[in-house]
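I opened this model to look up its aromatic contacts and some of its strand pairing. My notes follow.

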Amino acid sequence: MENSINPAKSFFSDDYARATQLYASQVQPQVEENEGHVHVPEKTIRCIWNDQLLSTQDLRTTDGKPIRIIFPGFWTFGTGPDFSGVIIQVDDKVLEGDAELHVYSSDWKAHKHSDNPDYDNVILHVFMWQDRWTAKGNPAKRSRRGEDGYPAENVYELELKDYLKHGILELNDRLDFDNYPTLNKFNLGYCHEPLSKLSKEKLVHLLNAAGDARIFTKMGRFHDRIIVKGYEQTFYEGIAEALGYPNNKIPFRTLAENLPLQTIWNCVPWNAEPEEKAVHIQALLFGVAGLIDFNFKDKKNLSASDEVYFSSLAKLWEHYQTRLPESTLQANHWSFSGIRPANYPYRRISALAHLLVRHEENGIFGDFLEEFHTRNPETGEQEFSMSAHSSKKVLNFFCIDSENDYWANHYVPGGKTLGGAQQLVGSERSREIAINIGIPVGLIFGRASKSISLEEAISVLYQSKKKPSDNKWTRFMKQYLFGNKEAMLSTLDTDKQVQGLMQIFQDYCTENENNCHRCQFPGVVEKFFS
């Protein structure tokens with residue numbers, strides 16, 4: 001096609017970014033259903049409904065009838081009602097049909113659903129709040145069913161606000177709505193057809209280009225911070241944030257900002273042994289994090305050495321606290337629910353302390369770059385390069401083994417001793433940090449220093465063999481985009497391609513709230529990558 005983009009010969013391509021921008025400039029913008037609703041996106045309502053985060057014991061429709069949700073239905077993602085195959089019981093009647101979800105009850109009329117035959121099979125209209133027009137002084141009726149432009153009499157209405165298990169803000173913390181996919185095995189995205197028509201070479205090129213675009217996006221996040229704070233501090237903050245993924249990203253980032261590297265090394269005695277330095281830094285980190293007053297599960301589980309350790313932390317924090325500005329972090333800022341115990345903040349904070357001690361001399365970023373250095377056998381000079389063998393070492397750069405550390409052997413303070421010491425940071429998390437923090441910051445450094453060899457080495461690292469993790473997000477994407485076809489799934493072979501799939505999801509599925517009807521990605525595929 002005349003609009004096709006040929007694979008770039010450079011190490012990192014901007015083909016995907018240019019295609020996305022070009023297509024967006026040529027297509028009239030779509031009007032989104034939730035335009036103007038600035039407080040709660042409609043997708044939030046869909047997530048709540050899909051996971052049934054409701055107290056369902058005494059549900060009642062807006063006209064007071066008892067209602068039981070037998071099956072919430074399948075999230076459709078496209079044009080028409082939001083959920084199909086819904087089964088409800090109202091009084092003694094069992095009904096099956098579709099459900100349409102909104103933020104406000106009046107959105108049904110605003111979207112003119114009564115004039116659209118696609119909504120004729122709707123049996124339930126679900127919304128967070130009764131008519132928003134009441135805010136303008138117009139008394140709202142409890143139900144407008146049967147009125148012009150409103151749901152017909154045979155459509156029951158359910159207002160969710162009084163039945164939520166948790167408040168909207170708490171639900172927003174519990175569910176990562178921006179990255180919330182829900183798998184519906186009966187559906188394929190509109191983009192599946194044009195993607196399935198691509199040759200393997202072109203599909204790989206699309207994924208690689210999207211993967212590069214993801215790195216460019218991350219570089220944009222770090223660039224200004226590097227100018228202001230320098231490479232080491234920015235790298236430290238990025239690592240801390242990654243250690244908190246997904247539930248504690250913000251408090252970990254705040255912790256690293258509130259306790260910068262310079263402050264840490266100004267406090268810690270320079271002549272102390274490495275293990276002693278780690279305890280000093282842990283005291284600083286736990287103190288600034290607001291976690292120093294450990295809520296012990298059972299002090300009877302503490303050995304004599306454990307008691308000495310916690311006593312040392314308390315005394316060190318008492319010593320350092322007066323030298324530091326008051327921290328904005330408190331214990332209630334940290335999340336423990338929905339997290340594997342191995343990833344609890346205690347263990348990640350301990351890992352960060354050990355990482356700092358291990359790389360005290362040259363800095364974490366300095367030592368990370370050193371992993372790319374090799375000696376040229378012909379000239380004897382140091383140069384940047386990367387091989388499949390050396391890439392494994394770089395991807396494991398952030399692993400933390402510290403068998404004697406309290407947190408390597410416990411999940412919680414005062415908890416039972418584990419059967420064996422566990423890594424504070426394992427290979428999978430280390431790999432994620434290397435890809436999401438190491439590569440973008442390293443590429444900024446490479447381009448700033450005009451080092452082509454470093455950029456090439458980073459490119460080789462980014463193309464390390466990698467199969468996507470089996471989680472809710474990847475299962476959704478593999479089904480919705482690729483139809484779980486092995487020929488298409490085989491293109492997800494490297495970190496770059498998996499990251500590319502993530503970028504496509506964020507740029508299109510998330511931006512369009514999983515609504516294929518207003519998504520431009522099928523057009524991008526057909527116009528620029530076919």
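How many aromatic pairs does the structure hold? I got 34 aromatic pairs. I keep in mind that this is a predicted model.

**Entry: Trp108 and Tyr119**

I took this pair up by its rings. A pair of aromatic rings is described by the distance of the centres and the angle of the planes. For Trp108 and Tyr119 the centres are 6.1 Å apart and the planes stand at 75°. Edge-to-face needs over 60 degrees, so I logged the pair as edge-to-face. Next I looked up where the two residues sit. Trp108 belongs to helix H3, residues 107-110. Tyr119 is in the loop between H3 and strand S5 (122-129). Eleven residues separate them, and the pair links distant parts of the chain. Buried or exposed? Both Trp108 and Tyr119 are buried.

**Entry: Phe296 and Phe310**

I turned to a second pair. The ring centres of Phe296 and Phe310 lie 4.9 Å apart. Their planes meet at 85°, so this pair is edge-to-face. Phe296 is in the loop between helix H10 (274-289) and helix H11 (304-321). Phe310 is in helix H11, 14 residues away from Phe296, and again the pair links distant parts of the chain.

I checked accessibility for each partner. Phe296 has a relative accessible area of 21%. Buried means under 20%, so Phe296 goes down as partly exposed. Phe310 has 8% relative accessibility, so I noted Phe310 as buried.

Which residues do ring pairs link into a cluster with Phe296 and Phe310? I listed Phe286, Phe294, Tyr309, Phe336, Tyr344, Tyr346, Tyr406 and Trp407.

**Entry: charges over rings**

I looked for charged groups over aromatic faces. The charged end of Arg221 sits over the ring of Phe222, 5.1 Å from the ring centre. Lys496 lies over the face of Phe12, and here the distance to the ring centre is 5.4 Å.

In what sense do S3 and S4 pair, parallel or antiparallel? Strand S3 (residues 83-90) and strand S4 (residues 93-104) are antiparallel, with six bridges. S3 and S4 form a hairpin, with two residues between them. Asp91 is in the turn and has a positive phi of about 55°.

I followed S4 on to S5. These two strands pair in the parallel sense, over six bridges. Ala99 stands opposite Leu124 in S5.

Key. Residues are numbered from 1 along each chain as its sequence is written. This is a predicted model: local features need pLDDT of at least 70, side-chain atom pairs count only at pLDDT 80 or more; totals for chains, interfaces and linings use all residues. Side-chain values use heavy atoms; hydrogens and water are left out. Rings of Phe, Tyr and Trp (its six-membered ring) pair if their centres lie within 6.5 Å; planes under 30 degrees apart count as stacked, over 60 as edge-to-face and the rest as tilted. Helices (H or I, at least four residues) and strands (E, at least two) are DSSP runs, numbered from the N terminus. Buried means under 20% relative accessible area, exposed over 50%, partly exposed in between (1.4 Å probe, protein chains only). A charge sits over a ring if NZ of Lys or CZ of Arg is within 6 Å of the ring centre and within 35 degrees of the ring normal. Two strands pair if DSSP finds at least two bridges between them.
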